[in-house]
Amino acid sequence: MKSYDNTRIKNIAIAGQAGSGKTTLTEALLFSAGVTERLGKVAEGNTVSDYTSEEVKRGCSVYTSLSCYERDGFKVNLLDTPGLFDYEQSMLEGISACGCCMITVSGKSGVKVGTHKAYNYAKKLGKPAMFVVTKLDDENANFNNVLTELKTEFGPTVCPVVVPVIADRKIVSYVNLIEMKAYKYENGKAVETDMPTKEVSEKMEYRIDGLIEAVSEAVAETDEEMFEKFFSGEAFTQKELIDGIHKGMNEGIITPVTCVSAADMSGIDMLMKEITLLLPAPSEKDAKAATDTNGELCEIICEKSAPLSAWVFKTVADPFVGKMSYIKVQSGVLRPGDEIVNAATGATEKIGKLYYLVGKKQIEASEVGCGDICAAVKLSANTGDTLCSSERVVTFERPDFPKPTYRVAVKAASQNDESKISNAIMRLLEEDMSLKYEQDPDTLEMILSTLGGLHLDSTIGRLERDFGVKVTTSVPKVAYKETISKKVKVQGKYKKQSGGHGQYGDVWIEFEPCISDELVFEERVFGGAVPKNYFPAVEKGLQDCVKHGVLAGYPMVGVKAILVDGSYHPVDSSEMAFKSAATVAYKEGIPKAEPMLLEPIGTLNVSVPDDRTGDMIGELNKRRGRVMGMIPSEEEKGMTQITAEVPISEMSDFTLTLRQSTRGQGSFTLDFARYDKLPSNLVATVVAMAGVNL
């Protein structure tokens, strides 16, 4: 495959709700372009873009895949992204590298949460968008309803360019509103036919006229001269319509709508025309903000003559091939053998072979120009790293990937896997930035955090399938603590005779509540009742004791111990004896100081749709939460931000509950705030769960 100029490249991310036909559309485009000889099907597991065993098993996209085709002198890179919310990072990876986000909307089910997510990400990253209404071959599909819904949800920028002509609930042809021609499809081939009339479908002529007017009005908004021409009642030429929509997309004021039935190839050829004519090339809209070595902001323009700059937008950790990095070249030309600087680490790396990808098929590339996308193997760079020439070292901003909130404790299923589990998970962390693996400092459990249940299942499956590591999961332990609420004074005496020198230590200690996460130790001994050289032994004995409380064995906090008196024996006293005496005092005094359990409390910030606010408040009340406030979300229209304080012990399944109740629209963060007294009615349950014999 030859290297293309940045004016002849189109980078398209195909995103949208799960099940809206993204992979099928990708397959139809590749088949129509002659890249494949047969039209694969998701159900049969033989599509180009869903080629991993995980995707074949699940029958859906799990990872963003890269494919490309050549047509009409253009190279088109297709980034097929997953629609399931558990794989949101992969969708963001694809959109971050694209020049335009093509959002699929099922003609049967219409606009869904995934449609909004894809659109919002595209707008956040400054990418033009277009809608493709799919599955029009379904007898329950209704294009007009979907178009109305798109206009309602996304505003006046929505502009239809290809619409179906429906008679007796069947599509008889498609009208291209730019060409003002109608086409019918026979065995997947487009044949020009007559424009619809009233006889074909009731009021159809009126609808077509209205849609033409809408397209012209949208184009008129892009330029003063065009507006004057529109206002005078003069019709736009085909070139003026194309140029106007093209400009409007670049400026974000026009979002075209087209329609296809990828299963029978209807409308695919027209969509490919729109890709060529309407979608921006990297040379037009691909300037990218960066930071230079002095920390100054700069803009890197997509031009071939400039020093090399590129970034890794996706990483694949393959146990056999090694690490594969998906690279978007921003400026200059990337060639095998180049020595480049990783701006994130400052290290110099040598580029090996470069590949264009068509799913899992690799096509070796002699060079990759600016604006194009390729893959390289065995680089040490990670997702988000910037690669550049030593002539101009810059750093591109890293994508803000979704934070994992679904936490489980993991451990090796067998001792043989214990040594391999960390290395295997670290390999997965290289490619999946929405995974987190760390040790809980309080419970010492290894915690794996994911975006949801499916994400967790995929991760556990890959550990076993790709790295031969079996793990078991469980609900993470809650880091309870214990404290006291009353001041007491007790004696601790340790006396033991064993034939020779005995053991003797005697202390009087006051225990009282205080504000501290660690034991506070003081001594107020007068008259040498306890020699100073034994003070450290007393403190050490108490420090060992507070690691395990008297109620359920959880660490003690908020305890102040004051050594006030005692006695010693000139021969039998020792550091060990006084350490043991302190232990006796602890076990005698803490039960009398009204010990109590403390539970961790977190600050929750949860964003939910306005109509779900009441349900969420009820859910938080069930979880013993206390709502602190509510405000309309500044980032998302129609969303409410709720702030609450909730016990962390009640939040283990909150990710799944929130996703179900808001249909994937909700999001949240939970940060530790403080410890608070555990309600007395729950103490017995927590003590029983601890299972500590004290």
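Modeller: Two strands pair if DSSP finds at least two bridges between them. Helices (H or I, at least four residues) and strands (E, at least two) are DSSP runs, numbered from the N terminus. The model is predicted: local features need pLDDT of at least 70, side-chain atom pairs count only at pLDDT 80 or more, and totals for chains, interfaces and linings use all residues. Residues are numbered from 1 along each chain as its sequence is written, and side-chain values use heavy atoms, with hydrogens and water left out.

Colleague: Fine. How many bridges join strand 17 to strand 23?

Modeller: Two. Strand 17 covers residues 339-342, strand 23 covers residues 386-388, and they run antiparallel.

Colleague: And what stands opposite N342 in strand 23?

Modeller: L387 does.

Colleague: What order do the strands of the open sheet have?

Modeller: The order is 18-17-23-14-15-22-19-20. That is eight strands, with antiparallel pairing. Strand 18 (348-350) and strand 20 (361-365) are the edge strands, each pairing on one side only. On average, neighbouring strands of this sheet are turned by 40 degrees against each other, direction ignored.

Colleague: Which strands does helix 3 lie across?

Modeller: Helix 3 (residues 88-97) lies across strand 14 (309-318), strand 15 (322-331) and strand 22 (373-377). It runs at about 150 degrees to strand 14. Angles run from 0 to 180 degrees between N-to-C directions, and axes are lines fitted to C-alpha atoms, for helices over the stretch in contact. Helix 10 (residues 415-431) lies across strand 14 and strand 15, at about 145 degrees to strand 14.

Colleague: Helices next. At what angle do helix 3 and helix 4 cross?

Modeller: Roughly 40 degrees, and their axes come within 10 Å; helix 4 is residues 113-124. That makes helix 3 oblique to helix 4. Under 35 degrees counts as roughly parallel, over 145 as roughly antiparallel, 65 to 115 as roughly perpendicular and the rest as oblique.

Colleague: Which residues meet there?

Modeller: E88, M91, L92 and I95 in helix 3 meet K117, A118, Y121 and A122 in helix 4. Contact means heavy atoms within 4.5 Å. By class, that contact has six nonpolar, no polar and two charged residues. Ala, Val, Leu, Ile, Met, Phe, Trp, Tyr, Cys and Pro count as nonpolar, Asp, Glu, Lys and Arg as charged, and the others, Gly among them, as polar.

Colleague: What about helix 1 and helix 9?

Modeller: Helix 1 (residues 22-32) and helix 9 (residues 268-278) cross at roughly 85 degrees, with axes coming within 10 Å. So helix 1 is roughly perpendicular to helix 9. L25, A28, L29 and S32 in helix 1 meet I268, L271, M272 and I275 in helix 9. That contact has seven nonpolar, one polar and no charged residues.
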